[in-house]
Amino acid sequence: MAKRRRPVQVLIKPASADCNLSCRYCFYLRKADLYPETKVHRMPPDVQEEMVRQIMRDGGRTPGFAYQGGEPTLMGLDYFRRSVELQMRFGANQQVANSIQTNGLLIDDEWSAFLAQYRFLVGLSLDGPAHVHDRYRLDRGGNPSHARVERAYRVMVDHGVDVNILSVINDYSSARPREIYRYCRGLGCRWMQFIPAVEFDPETGLLAEFSPRPDAYGEFMCEIFDEWEKEFRDSRPTVSVRLFDTLLALHCGMSPPMCTFRPRCGNYVVIEHNGDVYSCDFFVEPEWKLGNLMERSLRTLLESPRQREFGALKADLPDACLACEWRRFCHGGCTKDRMRSGKMGERGVDYFCGSYKRIFEHTRSTMEDLKKTVMAERGWEEGRRRSVSLGHSRTPAR
């Protein structure tokens, strides 16, 4: 009997690293250096068509299109209209899952009507109230962006778009968990992600100044958890926080939404604007370029020896991880956060190791109670579905 092939999963960068913001903590802006031929990077129609054709062919019953950047809305609305048309042309009794991560600056009524019509799941990058958000998220003129992003949230909600707020946790915001959570809830948001931003200089190995302390992320998420738990009704969550959805899945023995906590990496590939394919958005660099979809199929690249090699790196754990009681949950954490110098193969402990342990312990009792409910009722599926799950634990359009 032939082995069943897994569906192709992708993260699409149609405008590459181009962005109308200049966030100080963004790791992807410098990826434009890989494509110095032009200052503006946009996916051409032939690459778009071939990409959609292959994803529809090899994406299984529910092919997914996850658009990120940079800022994907720089492509213009007509690009996404054409993508939907191509999905319809190449589809065969499939249910397409479209999602987009955006900073919201270009979102208006026309965009919102389109996103609602085709049921795009939207991740909006909003770090919290103005003094938190505008700490690092300034436009290219150095102007604050908070008011424009909050307006985008309200416009999309008014149109019935499913919106998830993604807040990046940095050195400043990590000290303000309850304020950020309550701000998001004050907007009416019920689907949230909190993603830590940690970067190291690839040459010196020194920590970037915006990175939270190793233990700060754990402190932050434990306080978020306490706020989240206060809103339970009938012993059930009423708000979806992606990390907590993931922990519940782990307690229930299910595959976690976040690849950070999976045994292996390499379950998806990144597609750059010109069709180049990479192993992971944190490794969009020459060493991990797998090929180009105009020359080799996405299926071939996803199943290539090089991608398998990348996926196996996560399992090369240090001794401290092998002896840890929580290894069955985190599996060593994110490969990127285990490398201080940016070089593959260095078997360090994840930067957030202590934070993960604290989170796992702090949430254990509640998660075990929720597990009993889930296993009895097979519930909470809608909450997990509605979280923006783009195949990666840290959404890169920050």
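This is a predicted model: local features need pLDDT of at least 70, side-chain atom pairs count only at pLDDT 80 or more; totals for chains, interfaces and linings use all residues.

**How do you know?**

Modeller: The protein chain has 14 helices and 10 strands. Residues are numbered from 1 along each chain as its sequence is written, and side-chain values use heavy atoms, with hydrogens and water left out.

Biologist: How do you know whether the radius of gyration of the protein chain agrees with a compact globule?

Modeller: The radius is taken over C-alpha atoms, and the globule rule is 2.2 Å times the number of residues to the power 0.38. For 398 residues that rule gives a value near 21 Å, and the protein chain has 20 Å, so the two agree. The C-alpha trace spans about 50 × 50 × 45 Å along its principal axes.

Biologist: What makes Thr102 count as buried or exposed?

Modeller: Buried means under 20% relative accessible area, exposed means over 50%, and partly exposed is in between (1.4 Å probe, protein chains only). Thr102 has 1% relative accessibility, so it counts as buried. Across the protein chain, buried residues make up 58% of the 398 residues.

Biologist: And which residues does Thr102 touch?

Modeller: Contact means heavy atoms within 4.5 Å. Leaving out residues up to four places away in sequence, Thr102 touches Glu71, Thr73, Ile107, Val122, Gly123, Leu124 and Ser125. A polar atom of the Thr102 side chain also lies 2.9 Å from the backbone nitrogen of Gly104. A polar contact is a pair of N or O atoms within 3.5 Å; within protein, one must be able to donate a hydrogen and the other to accept it, and residues adjacent in sequence count only if both atoms are side-chain atoms.

Biologist: Where does Thr102 lie?

Modeller: In strand E3, residues 97-102. E3 pairs with E4 in the parallel sense over 4 bridges, with Ser99 opposite Leu121 in E4. Two strands pair if DSSP finds at least two bridges between them.

Biologist: What makes E7 and E10 the edges of the sheet?

Modeller: Start with the order: 10 strands form an open sheet, E7-E6-E5-E4-E3-E2-E1-E8-E9-E10, with mixed pairing. Strand E7 (240-241) and strand E10 (289-292) each have a single partner strand, so one side of each is left without a neighbour in the sheet.

Biologist: Which way do the side chains of E6 point?

Modeller: In a regular strand, the side chains alternate between the two faces of the sheet. In E6, Trp191, Gln193 and Ile195 point one way and Met192, Phe194 and Pro196 the other, and all are buried. Helix H6 (residues 177-186) lies across strand E5 (162-169), strand E6 (191-196) and E7.

Biologist: Why pick out Asp234 and Gly70?

Modeller: Because most residues other than glycine have a negative phi, and most peptide bonds are trans. Asp234 has a positive phi, near 55°, and a cis peptide bond joins Gly69 and Gly70, with omega about 10°. Gly70 sits in the loop between E2 and H2. Asp234 is in the loop between helix H7 (216-230) and E7, and with a relative accessible area of 76% it is exposed. His331 also has a positive phi, near 50°.

Notes. Helices (H or I, at least four residues) and strands (E, at least two) are DSSP runs, numbered from the N terminus. Axes are lines fitted to C-alpha atoms, for helices over the stretch in contact, and angles run from 0 to 180 degrees between N-to-C directions.
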